[in-house]
Amino acid sequence: MSQSGNVSATTGRVAIREFQPGDEVAFRQLNEEWITRYFRLEGKDEQALADPQSSILASGGRIFFATIEDHCVGCCCLLSCGSNEFEVAKMAVTSSCQGSGIGRKLLHAAIEAARAAGARRLFLETNHILTPAIRLYESVGFKSVPRDRMVPSPYVRSDVCMEMNLV
């Protein structure tokens with residue numbers, strides 16, 4: 001599937017599906033778009049974006065895509081962190097589709113998949129300047145967590161930690 005900044009959410013119906021072979025390019029493009037707009041790619045980004053199959057999926061993670069027609073317009077990952085928890089990561093919606101509810105649909109799909117897998121807790125890291133994302137996370141039940149309660153982040157840009165208990 002391709003990713004395109006020219007597709008808008010009004011173009012067609014949004015569908016949520018899981019990663020398929022060939023989605024590597026769209027996954028990289030979607031994440032590079034937002035990361036390089038606000039920050040810089042870090043080593044951990046490069047690792048995940050270079051080979052999502054081995055860096056995310058092989059260890060029990062999942063990648064969800066929002067599609068409109070044949071275009072990937074958003075993505076969200078669940079990174080497996082043991083039997084009872086996942087990290088929500090690499091959430092991106094292409095700029096032409098932001099504000100249309102696609103991020104919320106992706107986040108709900110990830111939360112439901114984590115619940116179905118028996119997860120008791122979700123967590124995520126973000127940055128304080130990503131206010132719309134933080135508001136979205138709060139609106140579905142994520143709460144801020146003091147940094148000292150979290151494992152140190154591999155990301156320099158991470159300065160906000162959030163969690164959601166699923167039980």
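Q: How much space lies in the largest pocket?
A: In this predicted model, the space in the largest pocket comes to about 790 Å³. Its lining is made up of 33 residues, with M91, A92, L130, A133 and Y137 lying nearest the centre, and the elements that give two or more residues to it are α1 (24–38), β5, α4, β6 and α5.

Q: What is the class make-up of the lining of the largest pocket?
A: The lining has 18 nonpolar, nine polar and six charged residues, while β5 gives the most to it, with seven residues.

Q: Why are L78, I102, L107, L122 and F142 called members of a nonpolar core?
A: Membership requires a buried residue of a listed nonpolar type, joined to others through side-chain atoms within 4.5 Å, and buried means under 20% relative accessible area. These five have the most contacts inside the largest core, which has 31 residues, so each of them is under that 20% limit. To this core α4 gives the most, with seven residues.

Q: How do you know which part of the chain calls for caution?
A: Over residues 1–5 the pLDDT stays under 50, although the chain mean is 91 and 92% of its residues reach 70 or more. Where pLDDT is low, predicted coordinates should not be read in detail.

Key
Residues are numbered from 1 along each chain as its sequence is written. This is a predicted model: local features need pLDDT of at least 70, side-chain atom pairs count only at pLDDT 80 or more; totals for chains, interfaces and linings use all residues. Side-chain values use heavy atoms; hydrogens and water are left out. Buried means under 20% relative accessible area, exposed over 50%, partly exposed in between (1.4 Å probe, protein chains only). Helices (H or I, at least four residues) and strands (E, at least two) are DSSP runs, numbered from the N terminus. pLDDT is the predictor's confidence in each residue, from 0 to 100. Contact means heavy atoms within 4.5 Å. On a 1 Å grid over the protein atoms alone, a cavity is a set of points where a 1.4 Å probe fits but cannot get out, and a pocket is an open set with protein on both sides within 12 Å along at least five of seven lines; lining residues have an atom within 4 Å of a point. Grid points are joined across faces, edges and corners, and a volume is the space filled by probe spheres set on the points. Ala, Val, Leu, Ile, Met, Phe, Trp, Tyr, Cys and Pro count as nonpolar, Asp, Glu, Lys and Arg as charged, and the others, Gly among them, as polar.
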